[in-house]
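Here is a walk through a protein model, one stop at a time. Have a look at it first, and then we'll start at the ligand.

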Amino acid sequence: MPLNTKDLLKQMTIPEKIGQMMQLSPWFFVADLEKEAAGPIRDLKLDEAKIFSAGTALGIGDAREMIEVQKKYLAKNRLGIPLLFGADVIHGYRTIFPVPLALSCSWDPENARIAARVAALEAATAGVHMTYAPMADLVRDPRWGRVVESFGEDPYLLGLFAAASVAGFQGDDLAGEGTVASCVKHFAGYGAPEGGREYAAVDLSRQALEGGYLEGYRKAIEAGARGVMTAFNTIEGVPCTINRYLLRTILRDRWKFSGVTITDYDSLHEVLAHGAAEDERDAARLGVLAGLDIEMASTDYVNHLEKLVTDGVVDLSLIDEAVLRILDLKEELGLFADPFHNADPVKEQLTMLSEAHLALSKRVALESAVLLKNDRMALPLHPALRIALIGPYATSHETNGPWSWHGNNAKNESIAEVLRRRGIDLTIVKDGDSIASYDASDIEKLRQADVVLLLLGENAHQSGEAHSRADITLPGKQAELVGFVKSLHGTAVAVLQNGRPLVLENILEADAILETWFLGTKGAEAVCDLLYGIADPSGKLTMSFPRSVGQIPVHYDGLPTGRPNHHELHPREYVTKYIDELNSPRFPFGFGLSYAAFSYGAPVLSASAITPSESLAVTVELHNETARAGVETVQLYLRDKAARISRPVLELKAFRKIRLSAFETQTVRFELGLSDLSYRLPDGSVVWDPGVFTVSVGPDSAHLKAADFVLKR
Ligand code: BGC
């Protein structure tokens, strides 16, 4: 029998209701309250009654801990309303998958679904009910550390990956086995901090919001995400956490979102620091008016809402609507029927890091790396070659990357270990980044080697939350290593691990560059398979790599300018440009090499004009020029040449991942309909305009063949 949550709500006192709207760390429920009363409990103005009325908990170690906390909690909760456990399960729980930015480079949303599915299977047995994922923030500034958690700079791709993640986490039945509720974040626009500086102000027009920044959240909600986390930033001067336009007009009224909303960590209280509330009581008032259901980490609701209600400032119905949504989610998760639901220490041991999960993680990793450069076919390597390994990550096991709390880097293999295991003739020469430390015998070892593998990049703390960088070249003196190897006339293959697009100008001398991001538990094996051609690189960038920091933001889908620059290398004077830098990025959106090489024919259109009810077929011949099989992601972009508002110079509308055998030719077909030719106005409405469109097809956003057609009235 499903629980009637409305009846339950009627039995609740006002403090019990308000308690549901508070989220605390599980620690509070097991702490010795007498002893701890002088610490955070005092600072947050909490007492035992308030603590044991909290509705949700943030983060949990494992199934045993969850069961202990839930038992203690239920023993003291008058109505026996179970705690809901939320946690950041971002790219895997114990089995770590590639970081989201890497995952998106596979250009296969099914990989996001698989990664989320495996993460949910593992997290659920550990007692997690809701994950704070996916992050659906559109990103355009690689200085921002959290681009590593994103699906890149394109709204369409972002929407597909966000929706697939939600489907993977939630499955068909939240009360079923091995599923967790998905809470999409950070609503809205958190991916656009000024200067890429973490927690800095965001200033987005409604056109920018509707034209791209909202797309990821919208698609996640359409896919059924049961939670939405608000962002730290303001939109139009109003902190997202208390932003009625975002939380009521867009989320509830327009998108019909019926799940729960939750603050980001402490973000209700931080409304004070934004200067958008007078005091804590005011922050609580503004939060509940905006339709904000759960306060994470801070305690303004629990300490002020009751008085606001009894003073007649806040209507009880606002509290009731929030609490009902929270109770409904708990019911949907099956927590009233079984508060320990899915948490199972025995199953936990069997599920975590199972062979099947590890195999999936490796498969996705193989598709997520991007080959950026490969002169004279330096790669793939022949197994008989003598390899020298250098660079700060030469012996590193740290392939998990940021946001992998439950992953264990120490148990991951390093690239060196995999190569040794495979019988490669290998010398680890040095793992630092200082040329000064290389003595004559090191230099001799480098000279003896056929190929020098340079394992370069960022560590897991150089990207992620609160880890923005102003200089996004390789940290330290790493770049010098490439020139050093080349000066010895060696073949230099740079293998990068990092969490953002980097400025790579000073390592372009390398013969080959393989971007591996953080590929997760099976990262090293996947990299070795790619280096030796056991698998072919097939990833394509989902964020442009700038030539210099001064170019940022550089993304493929900017708006046109009145003074376009048609001849980048020989520009006229009064056109859009820098006098000391090109406009184009070093590696454009969509770019990635294969060991095969593909050529494209011009797009052939089924008609030169279509009516709004007709569709347009676009076909293109794709040919594999080589004797190696390979995978190519064929990309289709549109430009709406004249509309009622200025439209981007290019917009990704479709793509196909095609496997071609040696010298094979395939005809790749796309079909475009009115929805592909439509766009959103700043008020969110969807419109289209008749006129000329350019359709372009190619291997990336900078190498396209185009044809025009007309959309008739
Ligand atoms: C992050 C969120 C995360 C939350 C809870 C915050 O600092 O911005 O993405 O879900 O912490 O860990």
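Let's begin with Asp 264: an N or O atom in its side chain sits 2.6 Å from an oxygen atom of the ligand. That counts as a polar contact, meaning a pair of N or O atoms within 3.5 Å; within protein, one must be able to donate a hydrogen and the other to accept it, and residues adjacent in sequence count only if both atoms are side-chain atoms. Before going further, note that this is a predicted model, where local features need pLDDT of at least 70 and side-chain atom pairs count only at pLDDT 80 or more, while totals for chains, interfaces and linings use all residues. Residues are numbered from 1 along each chain as its sequence is written, and side-chain values use heavy atoms, with hydrogens and water left out.

Back to the ligand. His 186 has a polar side-chain atom 2.7 Å from a ligand oxygen atom, and for Glu 465 the distance from a polar side-chain atom to an oxygen atom of the ligand is 2.8 Å. The residues around the ligand (each with a heavy atom within 4 Å of it) also include Asp 88, Tyr 132, Arg 146, Lys 185 and Trp 403.

You'll find it in strand E5, residues 181-187; strands (E, at least two residues) and helices (H or I, at least four) are DSSP runs, numbered from the N terminus. The peptide bond leading from Lys 185 into His 186 is cis, with omega near -5 degrees. Another cis bond runs from Leu 379 to Pro 380, with omega near 0 degrees, and Pro 380 is in the loop between strand E11 (370-374) and strand E12 (387-390).

Now for the helices. Two packed helices are described by the angle between their axes and the distance between the axes. Axes are lines fitted to C-alpha atoms, for helices over the stretch in contact, and angles run from 0 to 180 degrees between N-to-C directions. Helix H9 (residues 109-125) packs against helix H10 (residues 155-170) at about 30 degrees, with the axes 7 Å apart. H9 is therefore roughly parallel to H10; angles under 35 degrees get that label, those over 145 are roughly antiparallel, 65 to 115 roughly perpendicular, and the rest oblique. In their contact (heavy atoms within 4.5 Å), the residues of H9 include Ala 112 and Ala 116, and those of H10 include Leu 160 and Phe 161. By class, this contact of H9 with H10 has 10 nonpolar, 2 polar and 2 charged residues. Here Ala, Val, Leu, Ile, Met, Phe, Trp, Tyr, Cys and Pro count as nonpolar, Asp, Glu, Lys and Arg as charged, and the others, Gly among them, as polar.

H9 has another partner in helix H18 (residues 355-368): their axes come within 10 Å and cross at roughly 150 degrees. So H9 and H18 are roughly antiparallel. Among the residues that meet are Ile 114 and Val 118 in H9, and Leu 360 and Val 364 in H18. The contact of H9 with H18 has 5 nonpolar, 2 polar and 3 charged residues.

How do helix H14 (residues 280-290) and helix H15 (residues 300-310) cross, and at what angle? Their axes come within 8 Å, at roughly 80 degrees, which makes H14 roughly perpendicular to H15. The contact of H14 with H15 divides into 6 nonpolar, 2 polar and 5 charged residues.
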